[in-house]
Amino acid sequence: MNPSSPEVTQGTVFDVVIVGAGITGAILAKSLAAKKKRVLVLEAGTADASNFGSYSQLLDNFYTSQAKIPQSPYPDNANAPQPSELDCEQITPPIPDTNGYFIQVGPIPFLSTYTRYLGGTTLHWLGTSLRMLPDDFRMKTLFGQAEDWPVSYDDMMPYYAMAEFEMGVSADVSKQNYLGIHFPPGYVYPMHELPASWSDKTISKSLDGTTYEVDQESFNLDVINTPASRNSIPNQAYANGKGYTPVGAVGNPSLGQRCMGNTACVPICPIQAKYNALKTLYSADSEYVTLVTQAVVSKVEIDPTTKLVTGIRFKYYESATNPNYTEFVAKGKQYALATHAVENAKLLLASGAANSSDQVGRNLMDHTTLLAWGLAPEPLWPYRGPVATAGVEGMRTGKYRKDTASFRIEIGNDGWGWPTSGPITDVIELVDGTPDPATNGSEPIQLPKLWGKALRERLKEQVRRQFRMAFLVEQLPNADNRVTISPDHKDALGNYIPIIAYGIDGYTGAGFELGTKVYKQMFKDIGAVDCTVVNSKTDAGYFQYKDTGYTAYGAGHLCGTHRMGSDPKTSVVNPQQRTWDHENLYLVGCGNMVTVATSNPTLTAGALTFMAAENILASLDK
Amino acid sequence: MSKVGSMTFEIAPTGNPVLPADSLAFFLATSVVLTGFERFDLLGTGLLQQYFDYVSTHADSPTLLKLLQGVTAAAGSESAVSEILADPEMGLLARQIIKLWYTGQWFPSATATDNPILSPSSYEQGLVWNAIEAHPPGAKQQGFGAWSEPFTPLVSLTGDASSKGRNA
Amino acid sequence: MNEERSQKVAALTEGDVAALHQHYREKGFVQLQSGPLQEELKELRDLLQSAMQLEHATIPPYLTGLYSMKAEMPWNIIGIIRTIVVEEMLHLLLAANVLNAIGGQPNLTAPDFIPDYPSYLPHHIDDLIVNLEPFSPQFVQQGLAIERPKYVDPVRIVLGDPERMTIGEFYVLIESKLRSVVAQYGEAAVFTGDLKRQVQPDMFYYDGAGQPVPVINLETAVKALQIITDQGEGMERTIWVGGEDSDNEVAHYFRFNELAVGRQYQSGDTYQSGPTGAVLSVPYDLAYSAAVNAKIAEYPAGSEVRTHAEAFNMAYGQLLQLLERAFTGEPSLLLQSVPHMYLLRNAAQALFKNPFPAKEDSGLNAAPTFEYVPVLTGQVASGATLTASGGVHPGHPLKQA
């Protein structure tokens with residue numbers, strides 16, 4: 001499916017115009033095309049990743065990036081600008097941080113990013129594909145917090161299965177039946193779980209069987225294999241014995257049908273063993289899908305009387321380095337915005353659309369992440385395998401959620417890469433002589449400058465014991481965590497730039513406090529030296545809760561900005577994911593989520609999108 | 001022509017010494033000492049020439065010459081090399097060279113904010129990944145399931161065969 | 001039996017020969033008279049062991065081409081050779097499945113399993129000498145010679161002597177003999193092997209290789225053999241593996257031809273037309289120049305290159321031992337072969353980047369020698385280290401997920 005020139009969008013009324021070619025746009029396009037609906041997909045970014053030759057160039061960008069951040073392979077495009085992790089700094093309100101793409105009002109910078117390329121953020125995501133828990137859909141009823149979703153876990157089940165097929169998820173059902181998660185009898189995932197890492201196996205020897213108590217409720221801390229959209233050994237029992245064929249790299253399909261342990265899931269899988277949205281887009285029936293890239297949507301045009309969407313105005317640019325553009329308006333019977341939570345909100349605000357509830361842009365949520373890192377007593381052999389293969393899931397729900405955020409705990413296979421840029425920083429420190437990491441920076445013992453065999457041995461001895469844990473702490477929907485726009489802030493094409501106001505409340509702070517206690521217990525059981533450092537001066541996500549400093553990191557999740565609900569006064573889309581205000585406008589993606597709870601949201605967004613596709617089809621067939 | 005130790009070199013019109021023709025070999029030998037890896041390993045990166053070219057154009061030639069000559073003259077004596085590394089200029093350059101081999105990245109100074117990675121290959125060939133028995137993320141993949149077991153090199157051919165199994 | 005066959009061939013009339021050709025053209029095999037069951041089975045098992053040796057014989061040469069490439073070689077050129085290599089591994093595995101299915105005993109650790117390059121192929125197949133060459137025009141020409149679709153003379157099949165047959169004739173001989181012995185004695189008498197030895201789909205995966213076919217009867221045996229010949233020289237009438245409506249992968253011969261001619265095949269191209277598609281630029285300078293057919297003895301004693309080349313050979317021997325164990329009752333061990341291959345890759349690439357010791361002026365680099373090293377039977381041996389280039393995995397059975 002090659003991108004078409006923008007002229008082909010003219011003189012025709014598509015069945016559905018989809019804005020955004022990330023995972024949700026791709027799932028919509030494929031689902032609708034399968035029912036012979038004519039779809040137009042408009043993508044703001046370029047199609048670099050879809051050609052294996054230029055994909056290899058993206059890989060080279062990663063190799064030569066000095067900061068190996070999620071966006072490092074994907075150069076910025078001034079016509080479709082995107083946020084970067086490097087732009088995050090501490091904010092001194094009332095002065096916003098205008099360093100990067102976002103105008104960050106604070107008090108805390110929003111720490112996560114998304115990728116504006118064909119394929120979207122699934123190009124750089126980790127691949128973790130957990131389902132939400134039944135409790136997560138009913139937080140108001142159960143814990144008096146947030147709101148209830150208008151759908152339940154049981155409603156979601158068939159759509160989770162569709163998403164697990166489309167995304168190619170590897171897991172064993174028998175390990176995933178915890179905390180209320182359940183499956184239809186006989187259900188298996190398309191592929192067997194990925195082998196646990198040596199680090200997982202070693203850590204689980206210390207943690208399995210241990211528990212943590214909160215308010216007399218006991219939570220188990222077993223290490224559990226993580227379902228992931230990453231190719232593994234197909235399960236021959238899948239689909240009643242039909243089996244499953246892993247999908248390889250787009251443009252090089254014999255590559256990537258098994259994970260080969262590149263340990264670079266974030267930010268780019270060299271062989272595309274990890275799912276990315278291009279796989280969905282390129283397996284859609286191209287007869288029914290028209291794709292236009294380098295097409296930035298600037299406005300959703302709405303008839304003031306009927307409130308129906310009459311067209312999608314977009315700016316088509318020839319080259320990423322030149323702001324010249326031509327404007328077009330694309331027309332459809334139905335419309336769907338799939339540009340991810342922040343851009344969807346921005347576009348709605350720019351269009352004066354869908355906001356009778358005044359919730360558009362509000363309730364922005366991430367998984368604020370507590371990082372803990374240490375040195376295990378014996379070698380774990382990190383920096384191998386997928387970036388993460390297991391986690392501790394036992395605390396994802398409990399009565400304590402009435403006043404404390406819950407979390408899941410991801411165990412990394414990537415050593416200290418995330419918190420400290422290890423092992424490069426280890427090399428620098430040992431060669432140049434710096435504080436011993438085991439002293440936690442508190443009373444630094446200056447190490448000698450090492451060279452030769454001593455350096456090599458010390459590096460081996462120390463780095464092989466590195467591990468990190470990431471606590472994905474939930475945030476509540478908060479009306480003041482929001483995306484807004486202003487005529488004062490526009491990009492090279494004259495489109496709005498998101499202004500973000502964001503903070504971390506006491507509920508999440510309590511989650512960090514609890515998480516800290518939990519990790520200290522786990523480290524003790526592992527026999528690990530705690531090397532975690534919170535730097536109040538330089539950590540962008542530094543915040544205080546009850547006079548203790550913590551550092552939040554972004555998990556790469558952006559949710560909640562146009563949430564679902566049963567009440568048009570407090571939600572933007574109805575339970576069918578159609579905007580309350582406009583009969584022919586649907587919104588898809590993480591922005592629809594009412595709560596983020598503790599699971600990485602992409603699988604849920606995928607499932608929701610399959611649900612939305614059915615609803616759009618029903619609208620078309622009316 | 002001038003001489004430093006066993007190395008002869010010309011003085012260019014600029015007044016700086018021109019690196020002698022065999023300085024590449026001295027650079028390799030010095031790098032072996034500084035990095036603690038074998039010649040085979042350093043040559044096995046395929047980057048000797050690229051690194052030498054970079055160092056000789058980004059470092060002070062007299063300091064480089066002194067360093068190469070000094071490490072050569074040390075003839076394996078650790079204390080002699082330590083003395084050289086204690087010298088502010090030679091030590092700094094030596095550490096830059098070590099970091100270059102280990103990471104494929106050049107660190108111009110302690111305060112520099114731009115520390116370029118010379119090429120995609122230099123990233124892949126960083127010796128740090130060999131030292132920690134892993135692989136550079138995104139390259140030299142180890143194969144499905146390899147991560148599930150410890151990385152265990154077997155005993156050297158020239159050594160004994162007594163070490164078996166999983167103990168590192 | 002050979003006496004009888006020679007006499008039979010001598011007695012063939014022109015009409016008989018024409019009928020043989022006709023039958024072969026239509027059916028793809030030759031109808032043979034089966035001899036005594038046990039003799040036939042022994043001959044078949046020997047032939048299939050030879051088939052394993054034959055498929056393996058091209059792996060070190062192809063790996064030499066692959067691993068001599070620099071990192072800057074374009075991904076599609078690397079992909080062409082890599083895909084060919086992994087398909088040869090699949091062929092090795094398929095041959096093992098057929099051999100096991102008829103009660104044979106795959107042997108990959110005999111001293112003569114690896115050819116002593118430069119070497120003829122087993123049975124002087126194709127009368128071809130094969131070298132360990134780095135990636136170069138000579139490497140490509142050699143690939144063409146190995147994979148070139150060869151004439152099949154049905155009379156030679158009747159004669160039944162594999163010596164100096166073409167590779168096509170060799171596999172037709174195996175298929176024809178299998179069919180004849182099954183026709184005479186029934187499948188149950190022939191396919192006596194332990195099913196547990198069969199390599200099942202998903203026990204082996206190496207990007208692009210395709211899936212193993214478990215062999216349980218004549219149909220699956222023929223299917224396995226046809227995959228070998230389809231992927232190699234291609235089918236009689238089409239260059240596309242699996243027919244025109246397949247994934248548009250061309251057989252090995254045609255991939256080498258793309259490199260030789262410098263163009264890609266496109267839809268509509270035939271054997272005669274050659275590739276008429278997009279230009280394919282082949283930068284031979286992005287591969288190391290290395291010694292051809294290098295031997296351990298040429299590397300100075302005590303040199304680092306020699307130590308590492310010896311370690312490589314030990315590790316290669318361990319791989320063959322791993323495969324032998326996999327093929328003699330532990331097929332799930334194959335999962336370990338891929339990590340082992342990647343360790344060998346690291347080691348080989350380090351060798352290719354090292355100048356040939358004591359021959360620095362030649363401009364040639366070193367190369368792995370793929371010479372036989374005895375490995376302790378019954379266990380994966382310790383004894384080799386590949387220091388910075390990567391340790392050799394002692395082999396831990398991965399729990400089948």
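Visitor: How much area do chain A and chain C bury between them?
Guide: In this predicted model, 59% of the area buried between chain A and chain C lies on carbon and sulfur atoms. On the chain A side, Ile233(A), Ser254(A) and Met260(A) lose the most area to chain C, together 37% of what that side buries. The total that chain A and chain C bury is about 1,300 Å².

Visitor: Which residues form the salt bridge between chain A and chain C?
Guide: The count between these two chains is 1 salt bridge. A salt bridge needs a side-chain nitrogen of Lys or Arg within 4 Å of a carboxyl oxygen of Asp or Glu. Here the distance from N to O is 3.3 Å, and the side chains that meet are those of Arg258(A) and Asp202(C).

Visitor: How many residues on the side of chain A that touches chain C are polar?
Guide: The contact involves 17 residues of chain A and 12 residues of chain C. On the chain A side, 5 are nonpolar and 3 are charged, while the number of polar residues is 9.

Visitor: With which side chain does the side chain of Gln142(B) make a polar contact?
Guide: Among the residues touched by Gln142(B) are Gly261(A), Arg384(A) and Pro339(C). The polar contact of the Gln142(B) side chain, at 2.8 Å, is with the side chain of Arg384(A).

Methods. Residues numbered from 1 in each chain as written. Chains lettered and ligands numbered in written order. Predicted model: local features only at pLDDT ≥ 70, side-chain atom pairs only at ≥ 80, totals over all residues. Heavy atoms only, no water. Polar contact = N/O pair within 3.5 Å; in protein donor to acceptor, adjacent residues only side chain to side chain. Contact = heavy atoms within 4.5 Å. Buried area = accessible area lost by both parts, 1.4 Å probe. Nonpolar A, V, L, I, M, F, W, Y, C, P; charged D, E, K, R; others polar. Lists of a residue's contacts leave out its neighbours within four places in sequence.
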